[in-house]
Amino acid sequence: MSSYVHKPVKIHCLADLCLVPIGTATPSVSDEVAKIELKIHESGLKHTLHSAGTTIEGEWDDVMNLIGNLHAYLHQEGILRIQSDIRVGTRTDKSQTAQDKVDVVNEKMKRGFN
């Protein structure tokens, strides 16, 4: 018997999720992407769709629970296999959104590197 006890993780994170349904009827997965984007929107977590996935912002447990629920939802929709790539970032020195990170880089590009 394991002595592991789950403790809630209360740390803000940015998770870049690329969820790929495998074995769909066509090469396109836009129907499945639209379905999960609606579920992400319904979650109330801040998120940004991009060409290769979605960045989800929130408390660690909330984000990870959502990702698990997205898998379960697509399985219920008939998708037999799903592969996800998830890159998660956290920091404790300051609060930063995904847009903040983009804005910092854009500002540095405007200033140049001289």
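Two strands pair if DSSP finds at least two bridges between them. Keep that in mind for the sheet. Strands here are DSSP runs (E, at least two residues), helices likewise (H or I, at least four), both numbered from the N terminus.

Some ground rules. This is a predicted model, where local features need pLDDT of at least 70 and side-chain atom pairs count only at pLDDT 80 or more, while totals for chains, interfaces and linings use all residues. Residues are numbered from 1 along each chain as its sequence is written, and side-chain values use heavy atoms, with hydrogens and water left out.

Now the sheet. It is open, with four strands in the order β2-β3-β1-β4, and the pairing is antiparallel. From one strand to the next, the twist averages 25°. Angles run from 0 to 180 degrees between N-to-C directions, with axes fitted to C-alpha atoms, for helices over the stretch in contact.

Next, β1 and its partners. β1 and β4 pair over nine bridges, antiparallel. Leu17 sits opposite Ile86 in β4. Ala15 faces Val88, also in β4. On to β3. β1 and β3 share six bridges, again antiparallel. Here Leu14 is opposite Glu57.

What lies across β1, β2 and β3? That is α1, running at about 160° to β2.

Now the inside. A nonpolar core is a set of buried Ala, Val, Leu, Ile, Met, Phe, Trp, Tyr and Cys residues joined through side-chain atoms within 4.5 Å. Buried means under 20% relative accessible area, with a 1.4 Å probe and protein chains only. The largest such core has 16 residues. Among those touching the most other members are Leu17, Leu19, Ile56 and Leu70. β1 (12–22), α1 (30–43) and α2 (60–76) each supply at least two residues of this core. α2 gives the most, with six.

Contact means heavy atoms within 4.5 Å. Leaving aside residues up to four places away in sequence, Leu19 touches Ile36, Leu70, His71, Leu74, Ile82, Gln83 and Ser84.

Last, the record. An unreviewed UniProt entry carries the annotation "domain: Thiamine-binding protein" over residues 15–105. Such annotations may be inferred rather than shown by experiment. Over residues 15–105, the chain is 43% helix and 32% strand. The end C-alpha atoms of that stretch are 19 Å apart.

Note on methods:
Buried means under 20% relative accessible area, exposed over 50%, partly exposed in between (1.4 Å probe, protein chains only).
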